[in-house]
Amino acid sequence: MKEKVFFWKGAVKDITLFGQNKFSAGHTITIVEGEMDALAFRDLCGDFPVVSVINGAQCGVKDVKKNLDYFKNFQKVYICLDNDAIGQEYAIKIAELFPIGKVKIVNLRHYKDAGEYLEKGKKEEFKRCWHSAIDYTPAGIS
């Protein structure tokens, strides 16, 4: 598979999350790592709101922090970053931006991301991962 390379052309002040202009409010919203994963998520889950960080997991904290007011329009935020060390590290860092009880972290058990679940035809398996997402709680707090 060819390596994906994305970059932003424009002023930092103009950055919004990919898909943010499509969903204004709702019960849940999911954050994924990449525009292709946002599109794959829609194929896998249907009409659920989804947005993507702009420049990968490492920039996700900055992207989400800049748009925190947007997430106040949703009751729950699901974080579904890539199933690799970097994705999981930054899923926690993004979760820490939100009030306790607002975030669930999706554990993609078998494949790297929503795109790979779609490629492999594992729609129901992806949905099970999403529906079994666990509430994020900071270490030491129960």
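Predicted model: local features only at pLDDT ≥ 70, side-chain atom pairs only at ≥ 80, totals over all residues.
Helices here are DSSP runs of H or I with at least four residues, and strands are runs of E with at least two, both numbered from the N terminus. Residues are numbered from 1 along each chain as its sequence is written, and side-chain values use heavy atoms, with hydrogens and water left out.

**Overall layout**

- The protein has six helices and five strands.
- Read from the N terminus, its elements follow the order β-α-β-α-α-β-α-β-α-α-β.
- Of the 142 residues in the protein, 44% are buried; buried means under 20% relative accessible area, exposed means over 50%, and partly exposed lies in between, using a 1.4 Å probe and protein chains only.
- Take the contacts (heavy atoms within 4.5 Å) between residues at least 6 apart in sequence: 67% of them join residues at least 24 apart.

**Helices α2 and α4**

- Helix α2 covers residues 57-66 and helix α4 covers residues 85-95; their axes come within 8 Å and cross at roughly 15°.
- That angle makes α2 roughly parallel to α4. Angles under 35 degrees count as roughly parallel, over 145 as roughly antiparallel, 65 to 115 as roughly perpendicular and the rest as oblique.
- For these angles, axes are lines fitted to C-alpha atoms, for helices over the stretch in contact, and the angles run from 0 to 180 degrees between N-to-C directions.
- On the α2 side, the contact is made by Ala57, Gln58, Gly60, Val61 and Val64, and on the α4 side by Ile86, Gly87, Tyr90, Lys93 and Ile94.
- By class, the residues in this contact of α2 with α4 are six nonpolar, three polar and one charged. Nonpolar covers Ala, Val, Leu, Ile, Met, Phe, Trp, Tyr, Cys and Pro, charged covers Asp, Glu, Lys and Arg, and the others, Gly among them, count as polar.

**Helices α1 and α6**

- Helix α1 (residues 35-45) packs with α6 at an angle of about 100°, and their axes are 9 Å apart.
- The two helices, α1 and α6, are therefore roughly perpendicular to each other.
- From α1, Phe41, Asp43, Leu44 and Cys45 make the contact, and from α6, Lys123, Phe126, Lys127 and Trp130.
- Sorted by class, the contact of α1 with α6 has five nonpolar, no polar and three charged residues.

**Nonpolar cores**

- In soluble globular proteins, nonpolar side chains tend to be buried together.
- A nonpolar core here is a set of buried Ala, Val, Leu, Ile, Met, Phe, Trp, Tyr and Cys residues joined through side-chain atoms within 4.5 Å.
- The largest nonpolar core has 22 residues, and Ile31, Phe71, Val77, Ile79, Ile94 and Val103 have the most contacts inside it.
- At least two residues of this core come from each of β1 (26-32), α2, α3 (68-71), β3 (74-80), α4 and β4 (103-105).
- Helix α4 gives this core its largest share, four residues.
- Ile94 is in contact with Ile31, Val53, Gly60, Val61, Val64, Ile79 and Leu81, leaving aside its neighbours within four places in sequence.
- Another core, of 18 residues, lies apart from the largest one; Val106, Leu108, Ala114 and Ala133 are among its members.

**Individual residues to look at**

- Gln20 lies in the segment before β1 and is buried, with a relative accessible area of 14%.
- Not counting residues up to four places away in sequence, Gln20 touches Val51, Asn67 and Tyr70.
- Cys59, in helix α2, counts as partly exposed at 24% relative accessibility.
- Glu124 belongs to helix α6 (residues 123-131) and is partly exposed, with a relative accessible area of 47%.
- The C-alpha atoms of Glu124 and Leu44 are separated by 8.0 Å, although the two residues are 80 apart along the chain.
- Pro99 counts as exposed at 55% relative accessibility, and its C-alpha atom is separated by 9.8 Å from that of Tyr136, 37 residues apart along the chain.
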